[in-house]
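Here is a short note for a colleague opening this model for the first time. Please keep the structure in view and follow the points in order.

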Amino acid sequence: MINFYGYKRCSTSRSAQKWLQDHNVDFTFQDLVEQPPRKEDLVKWMTMHQDRGLKHFFNTHGQDYRKLNLKERVPEMSIEEAADMMSKNGKLIKRPLVVEGEKLTCGFKEDLYKKTWL
């Protein structure tokens with residue numbers, strides 16, 4: 001089953017959900033602000049997809065990202081540190097985060113969704 005980690009007030013999350021529903025793709029929704037993914041899961045996903053770089057997983061446009069000055073910190077950060085921060089503050093995660101097995105997308109781009117989730 002596809003796990004969809006989104007935020008109800010995020011227009012990108014809503015667009016991605018609508019796209020999946022319009023294409024009859026079943027998924028379970030988890031609000032990543034109310035209940036962020038577990039640190040262990042984040043470590044696993046970031047390790048599996050480390051070729052994308054840690055920045056790929058961060059919500060670089062978010063207020064919390066800017067407040068914590070993560071632009072300067074992320075390049076030196078370990079996967080463990082990043083996962084720990086994200087598991088405590090879901091607003092740091094680029095949304096939506098959609099995962100099934102080894103497949104993973106962050107954000108919403110229709111062409112990438114077609115390639116990954118259909």
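At what angle do helix 1 and helix 6 pack, and how far apart are their axes?

1. **Helix 1 and helix 6.** The two helices pack at an angle of about 45°, with axes 11 Å apart. Axes here are lines fitted to C-alpha atoms, for helices over the stretch in contact, and angles run from 0 to 180 degrees between N-to-C directions. Helix 1 and helix 6 are therefore oblique to each other. On this scale, angles under 35 degrees are roughly parallel, over 145 roughly antiparallel, 65 to 115 roughly perpendicular, and the rest oblique. Helix 1 passes helix 6 in a right-handed crossing. A crossing is right-handed if the near helix is turned clockwise from the far one by less than a right angle, and left-handed if anticlockwise.

2. **Basis of the note.** This is a predicted model: local features need pLDDT of at least 70, side-chain atom pairs count only at pLDDT 80 or more, and totals for chains, interfaces and linings use all residues. Residues are numbered from 1 along each chain as its sequence is written, and side-chain values use heavy atoms, leaving out hydrogens and water. Helices (H or I, at least four residues) and strands (E, at least two) are DSSP runs, numbered from the N terminus.

3. **Who meets whom.** From helix 1, Ala-16, Trp-19 and Leu-20 meet Glu-110, Tyr-113, Lys-114 and Trp-117 of helix 6. Contact means heavy atoms within 4.5 Å. By class, the residues of this contact divide into 5 nonpolar, no polar and 2 charged. Ala, Val, Leu, Ile, Met, Phe, Trp, Tyr, Cys and Pro count as nonpolar; Asp, Glu, Lys and Arg as charged; the others, Gly among them, as polar.

4. **Aromatic pairs.** The whole structure holds 6 aromatic pairs. One of them joins Trp-19 and Tyr-113, edge-to-face, at 5.6 Å centre to centre and 85° between the planes. Rings of Phe, Tyr and Trp (its six-membered ring) pair if their centres lie within 6.5 Å; planes under 30 degrees apart are stacked, over 60 edge-to-face, the rest tilted. This pair links distant parts of the chain, with Trp-19 in helix 1 (residues 11–22) and Tyr-113 in helix 6 (residues 110–117), 94 residues apart. Trp-19 is buried at 6% relative accessible area, and Tyr-113 is buried at 0%. Buried means under 20% relative accessible area, exposed over 50%, and partly exposed in between (1.4 Å probe, protein chains only).

5. Phe-58 and Tyr-65 form a tilted pair, 5.9 Å centre to centre with 55° between the planes. Phe-58 is buried at 1%. Tyr-65 is buried too, at 7%. Phe-4, Phe-27 and Phe-29 form one aromatic cluster.

6. **Helix 2 and helix 5.** Helix 2 (residues 39–48) and helix 5 (residues 79–88) pack at about 135°, axes 8 Å apart. That makes helix 2 oblique to helix 5. The crossing is right-handed. The contact has 7 nonpolar, 2 polar and 3 charged residues. Helix 2 buries Asp-41, Leu-42, Val-43, Trp-45 and Met-46. Their cover includes strand 1 (2–6), helix 5, strand 3 (97–100) and strand 4 (103–106).

7. **Met-86.** This residue lies in helix 5 and is buried, at 1% relative accessible area. Beyond its neighbours within four places in sequence, Met-86 contacts Pro-36, Leu-42, Met-46, Phe-57, Phe-58, Leu-92 and Ile-93.

8. **Thr-105.** This strand 4 residue is buried at 1%. Residues up to four places away aside, its contacts include Arg-52, Pro-96, Tyr-113 and Trp-117.

9. **Backbone points to check.** The peptide bond from Arg-95 to Pro-96 is cis, with omega near -5°. Pro-96 sits in the loop between helix 5 and strand 3. Asn-24 is not a glycine, yet its phi is positive, near 55°. Asn-24 is exposed, at 70%. Asn-69 also has a positive phi, about 55°. Asn-69 is partly exposed, at 42%.
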